[in-house]
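Trainee: I'd like to learn how to read a structure like this one. Could you walk me through it?

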Amino acid sequence: MSKIGLAGVGRMGSGMLTNMRKSGIDADGFDIRPASEFGNLPVSNDADAFAEGLTTLITVVRDTDQTDEVLFGTQGFVLRATDLETIIVSSTLSPKYVRALRDKIPPHINLIDAPMSGAQVGAIEGTLAFMVGGEDAAVDAAWPLFEAMGSNVHRMGGFGDGIQTKVLNNLLCASHTVMTRLILDWATDADLDHGKLLALVEKATGQNWFASRFDDIEFARQGYEPSNTVAILEKDVAAALDAAPVGADTALPELLKQMLHDLQPMD
């Protein structure tokens, strides 16, 4: 892994890049925004410069359209980076889309899917949970990267199994998000103290990550906005629905998706 690059230095990518560098990994970033927006992080918006000598590419962009741009479109690092050996897809995307990448990318390039969970706070703290799929040799070689960025790294199987796991996990995360917000709304109506309620939930049967870290999660009090994390979570539910088993009852996930879209900000 002579040159490691991370494309998409946003809410998640910024912390991921920072923690790789803190661990002594000489990783660079690529983003379409000006380098001046990233402080001391080595981030470029020059695709040719970023691609020069690039052997391992981590993609952390928002959706399939942006992933296509990075891999095949405007940036097109699959062809532009002539030394490329490994692509690690860390965005949460449809499992169908991710598995189809194998037929679009030259066979000499290793493909690993490694979506992560833990929100921006986990990316900053270096405590992300990675769900990794890919061939053993490629995953073994990339393992130090995951350990630098996260504290829980799970090998899920072959390529595509990581993202399949992630969208199922995020169905639960989405349900915890909307239901925690709902009980807090109802607590307000009943004149209950939110802090006391969340402290009780932490020690009782309703315990979940969203409620437990409510005061740390950057989107905990946000309503739906097209560019924020609530919208990304809605997108993740859609990704899970895209890969639902044939004939599955999708009524509950569809309702969950709508509830995220309708979520209003908290005071």
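Trainee: What should I know about the model itself?

Mentor: This is a predicted model, where local features need pLDDT of at least 70 and side-chain atom pairs count only at pLDDT 80 or more, while totals for chains, interfaces and linings use all residues. Residues are numbered from 1 along each chain as its sequence is written, and side-chain values use heavy atoms, with hydrogens and water left out.

Trainee: Is Ala 119 buried or exposed?

Mentor: Ala 119 counts as buried, at 12% relative accessibility. Ala 119 belongs to helix α6, and its phi is near 65 degrees, a positive value in a residue other than glycine.

Trainee: How do I read a pocket, and what volume does the largest pocket have?

Mentor: Rolling a probe the size of a water molecule over the atoms shows where empty space is left. On a 1 Å grid over the protein atoms alone, a pocket is an open set of points where a 1.4 Å probe fits, with protein on both sides within 12 Å along at least five of seven lines; lining residues have an atom within 4 Å of a point. Here the largest pocket has a volume of about 1,200 Å³, volume being the space filled by probe spheres set on the points, which are joined across faces, edges and corners. It has 48 lining residues, and the closest to its centre are Arg 11, Met 12, Val 60, Met 116 and Ile 232. Helix α8 gives the most to that lining, with six residues.

Trainee: Which kinds of residue form the lining of the largest pocket?

Mentor: There are 19 nonpolar, 19 polar and 10 charged residues. Ala, Val, Leu, Ile, Met, Phe, Trp, Tyr, Cys and Pro count as nonpolar, Asp, Glu, Lys and Arg as charged, and the others, Gly among them, as polar. The second largest pocket holds about 190 Å³ of space, and its lining divides into nine nonpolar, one polar and no charged. Leu 171, Ser 175 and Met 259 are among the residues there.

Trainee: What does Thr 229 touch?

Mentor: Contact means heavy atoms within 4.5 Å. Not counting residues up to four places away in sequence, Thr 229 touches Arg 11, Glu 218, Phe 219 and Gln 222. The side chains of Thr 229 and Glu 218 are also joined by a polar contact of 3.4 Å (a pair of N or O atoms within 3.5 Å; within protein, one must be able to donate a hydrogen and the other to accept it, and residues adjacent in sequence count only if both atoms are side-chain atoms). Thr 229 lies in helix α11 and counts as buried, at 14% relative accessibility.

Trainee: And how many residues has the largest nonpolar core?

Mentor: In soluble globular proteins, nonpolar side chains tend to be buried together. A nonpolar core is a set of buried Ala, Val, Leu, Ile, Met, Phe, Trp, Tyr and Cys residues joined through side-chain atoms within 4.5 Å. The largest one here has 30 residues, and Ile 112 and Phe 146 are among those with the most contacts inside it. Helix α7 provides the largest share of this core, seven residues.

Note on methods. Helices (H or I, at least four residues) and strands (E, at least two) are DSSP runs, numbered from the N terminus. Buried means under 20% relative accessible area, exposed over 50%, partly exposed in between (1.4 Å probe, protein chains only).
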